[in-house]
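This report examines one protein model, beginning with a single aromatic side chain and widening to the chain as a whole.

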Amino acid sequence: MGYDIVDNILGDGDPLGKEIRVDGVPYTVVGVGDRQGKTLGQSQDNWVAVPIITYMQTYGHVDPMGIYVRASGGAESMVRAEDVVRVIMRARRHNAPGQPDDFEIQTNDTFMDIYKQFSAMFLT
């Protein structure tokens with residue numbers, strides 16, 4: 001979970017092991033992310049992550065679904081992680097060989113490209 005949840009709901013003390021409720025469903029806190037601050041005025045610390053199976057059991061299959069992954073070890077690890085994710089997603093979605101992906105994998109490079117395009121509009 002993000003620090004907005006810790007600061008505004010759990011208060012002082014160690015949050016690990018405490019119980020929170022998300023949409024009325026109880027969860028035990030097992031970790032807290034690093035403080036991210038704000039991006040374009042939007043807090044990046046207001047989030048809760050739950051195991052994907054638990055999410056699907058609670059809410060059913062939702063399309064589209066975002067899955068966030070952080071690969072440590074630099075660019076080479078990220079490329080390998082993308083390849084693994086692509087193989088798993090193609091298999092799960094029954095994409096035939098040669099058929100285009102019917103999903104998106106977005107990386108930091110994707111967002112940097114969007115930022116560059118966006119900022120170029122204001123610099124020209």
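Tyr59 counts as partly exposed because its relative accessibility is 34%; buried means under 20% relative accessible area, exposed over 50%, and partly exposed in between, with a 1.4 Å probe and protein chains only. Tyr55, at 28% relative accessibility, is likewise partly exposed.

The model is predicted: local features need pLDDT of at least 70, side-chain atom pairs count only at pLDDT 80 or more, and totals for chains, interfaces and linings use all residues. Residues are numbered from 1 along each chain as its sequence is written, and side-chain values use heavy atoms, leaving out hydrogens and water.

Rings of Phe, Tyr and Trp (its six-membered ring) pair if their centres lie within 6.5 Å; planes under 30 degrees apart count as stacked, over 60 as edge-to-face and the rest as tilted. The count by this rule is one aromatic pair. Tyr55 and Tyr59 form a tilted aromatic pair, with 4.9 Å centre to centre and 40° between the planes. Because these two residues are four apart in helix H2, Tyr55 and Tyr59 are separated by about one helical turn.

## A charge over a ring

Arg35 lies over the face of Tyr3, at 4.0 Å from the ring centre. The criterion is NZ of Lys or CZ of Arg within 6 Å of the ring centre and within 35 degrees of the ring normal.

## A nonpolar surface patch

Ile52, Ile53, Met56 and Ile67 make a nonpolar surface patch of about 360 Å². Ile67 is in the loop between helix H2 (52-59) and helix H3 (75-92), and counts as exposed at 57% relative accessibility.

## Glu82 and its contacts

Glu82 belongs to helix H3 and is partly exposed at 23% relative accessibility. Not counting residues up to four places away in sequence, Glu82 touches Ile105 and Thr107, where contact means heavy atoms within 4.5 Å. Glu82 and Thr107 are 25 residues apart along the chain, and their C-alpha atoms are separated by 8.7 Å.

## The whole chain

The protein has four helices and four strands, in the sequence pattern α-β-β-β-β-α-α-α. These elements are DSSP runs numbered from the N terminus: helices (H or I, at least four residues) and strands (E, at least two).

Of the 124 residues, 14% are buried. The accessible surface comes to about 10100 Å², of which 55% belongs to carbon and sulfur atoms, by the Shrake-Rupley method with a 1.4 Å probe; for residues, only the protein chains shown count as cover.

Definitions and conventions. Patches are made of residues with over 30% relative accessible area and no salt bridge: like charges are joined within 9 Å, nonpolar side chains (Val, Leu, Ile, Met, Phe, Trp, Tyr) within 5 Å. A salt bridge is a side-chain nitrogen of Lys or Arg within 4 Å of a carboxyl oxygen of Asp or Glu.
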